[in-house]
Amino acid sequence: MKGSVIKSAVVVIVSCLLMPVFLLAGQDAHRHEHSKKQSPSGKNPLVEEMLILDNAFREVVSAVSLGDGARVSSALESMHGTMEKTHEGVHSGAIKIPRNSDRLDDFVRMDKEFHGNLEALALAARLNDQQAMLGLTKKLLEGCVACHRTFRK
Ligand code: HEC
């Protein structure tokens with residue numbers, strides 16, 4: 001009972017984490033169909049989504065390094081269709097945090113902060129505020145590293 005409650009909570013949290021990711025992932029989503037890590041018994045949705053996030057973030061870093069807010073924005077806008085589909089995928093799979101899975105509060109806090117920074121980046125990109133885009137992209141990278149140091153094996 002307690003386990004399933006925690007699992008549901010994680011699914012909800014990860015869904016929130018991933019929503020803006022699918023705004024970003026655009027054309028790269030298809031390529032992942034062929035390259036994603038997948039066990040014979042089924043997919044690991046968290047890993048799949050992390051791989052999409054990974055690709056999306058590279059595009060962001062590239063666009064921010066060139067000061068190209070329009071490129072970040074168009075990547076965000078191109079994603080609306082795929083969001084729903086991936087959302088379902090996240091809900092259907094079992095999500096397991098590989099390390100410190102008892103520290104759900106910290107996971108939630110890091111996820112919220114990351115999500116907030118992504119939204120702020122979307123706004124900065126719309127405004128083509130290059131200084132804000134740079135600062136937020138640095139914060140996002142710190143968010144990746146902090147969460148992995150704690151929750152990834
Ligand atoms: C709130 C937590 C959190 C944040 C933020 C986060 N990740 Fe992850 N990420 C994880 C966890 C947990 C795993 C390990 C998943 C597993 O192995 O089951 C992971 C795994 C990965 C992997 C490895 C996937 C594989 O093949 O095993 C990549 C790549 C990755 N993340 C990229 C990123 C990038 C890039 C960012 C930031 C732009 C990011 N992540 C932000 C939690 C996070």
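Predicted model: local features only at pLDDT ≥ 70, side-chain atom pairs only at ≥ 80, totals over all residues.
Local features require pLDDT of at least 70 and side-chain atom pairs pLDDT 80 or more, while totals for chains, interfaces and linings use all residues. Residue numbers start from 1 along each chain as its sequence is written.

Helix H6 covers residues 104-126 and helix H7 residues 130-151; helices are DSSP runs (H or I, at least four residues) numbered from the N terminus. The two pack at an angle of about 160°, with axes 9 Å apart. Axes are lines fitted to C-alpha atoms over the stretch in contact, and angles run from 0 to 180 degrees between N-to-C directions. H6 and H7 are therefore roughly antiparallel, a label for angles over 145 degrees.

Residues meet when their C-beta atoms, placed from the backbone, lie within 7 Å. On the H6 side the contact includes Phe107, Met110 and Phe114, and on the H7 side it includes Leu136, Leu140 and Cys147. The residues of this contact divide into 15 nonpolar, four polar and three charged. Here Ala, Val, Leu, Ile, Met, Phe, Trp, Tyr, Cys and Pro are nonpolar, Asp, Glu, Lys and Arg charged, and the others, Gly among them, polar.

Around the ligand stand 23 residues, of which Met50, Asp54, Phe57, Cys144 and Cys147 come nearest; the C-beta cut-off is within 6 Å of the molecule. Helix H3 (45-65), H6 and H7 each give two or more residues, and H3 gives the most, with seven.

Val60 also belongs to H3. Val60 counts as buried because it has 24 C-beta neighbours inside 10 Å, the cut-off being 20 or more.

Note on methods: Parallel < 35°, antiparallel > 145°, perpendicular 65-115°, else oblique. Contact = placed C-beta atoms within 7 Å. Buried ≥ 20, exposed ≤ 12 C-beta atoms within 10 Å, placed from the backbone.
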